[in-house]
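The sequence and structure come next.

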Amino acid sequence: MRILLYFGSFNPIHYGHLRLAEYVLNNGDIDELWFVLSPHNPLKSPADLWPEQRRLSLVRQAIDGKNGLKACDVEFSLPKPNYTINTLRHLSAQYPQHTFSILIGEDNYNIFDRWRDWQDIIKNWQIYVYPREGTSSDRNRFPQMQWLDQAPHFNISSTEIRQRLSKGEPVDELTPVKI
C-alpha cells in the first residue's frame, strides 16, 4: 500500500488540512493518507500547543467515517524530540509492506535543510510540497520533490482559530470539530 504521511501539530485540525488531505488522496498516487500528529516540532515553540491527546482526539473526530484517512500517534511513543527521519525509519521498519511518502508545506520546504538527516529523507522517501499563497521559493533547491501546484489553496490557519477562540469568537466555519 502507498501511504502519504501528513505530519503536523494540527493545533487544531481545520478544513484546510482536511480538504488538502482529501484532494491529495483523490488526485494522487496513494492509497491512504495518515495524519501523523507531532507532539512537538523541534523547530517550533511549544508555548501555544494544546495537549497532544486533545489534538489527537480532534483529528480522529474530524476524519471519522472518511475512507483512506487515518490518525497516527506513532510519534507519541518515539524518543523526544521528534524528528521526521526517526518516524520514517520506524514506520518503514514496522510496515515493510508499505511504501511511505511525505507531504510538507512550502514553509517547511524553505527550511528543509535544517531538518535532521534531510539528505536521507530526500534519498529514501518521495516528498510532496503544498505551495502557499504569497510565498516564493527556489524550486531548484530540491528538484526531486514534487510540487502540488494543482491543489486548491485554503486560507485557514490553526493560529487564527486559536486567536478567535481566545476572544470568544466562533470557529464553526473553520473546523468541523466542536472545540
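A charge sits over a ring if NZ of Lys or CZ of Arg is within 6 Å of the ring centre and within 35 degrees of the ring normal. The model is predicted: local features need pLDDT of at least 70, side-chain atom pairs count only at pLDDT 80 or more, and totals for chains, interfaces and linings use all residues. Residues are numbered from 1 along each chain as its sequence is written, and side-chain values use heavy atoms, without hydrogens and water.

**Charges over rings**
- Arg116 places its charged end over the ring of Tyr83, 3.9 Å from the centre.
- Arg54 lies over the face of Trp50, at 4.1 Å from the ring centre.

**Nonpolar cores**
- A nonpolar core is a set of buried Ala, Val, Leu, Ile, Met, Phe, Trp, Tyr and Cys residues joined through side-chain atoms within 4.5 Å; buried means under 20% relative accessible area (1.4 Å probe, protein chains only).
- The largest core has 27 residues, and Tyr6, Ile13, Leu33, Phe35 and Leu103 have the most contacts inside it.
- A second, separate core of 25 residues includes Phe7, Trp34, Phe100 and Trp115.

**Aromatic pairs**
- Rings of Phe, Tyr and Trp (its six-membered ring) pair if their centres lie within 6.5 Å, with planes under 30 degrees apart stacked, over 60 edge-to-face and the rest tilted; the count is 12 aromatic pairs.
- Tyr6 and Phe10 pair edge-to-face, 5.3 Å centre to centre with 80° between the planes.
- Tyr6 is buried at 10% relative accessibility, and Phe10 is buried at 2%.
- One aromatic cluster is formed by Tyr109, Phe112, Trp115, Trp118, Phe142 and Trp147.

Key
Buried < 20%, exposed > 50% of the residue type's maximum accessible area, 1.4 Å probe, protein only.
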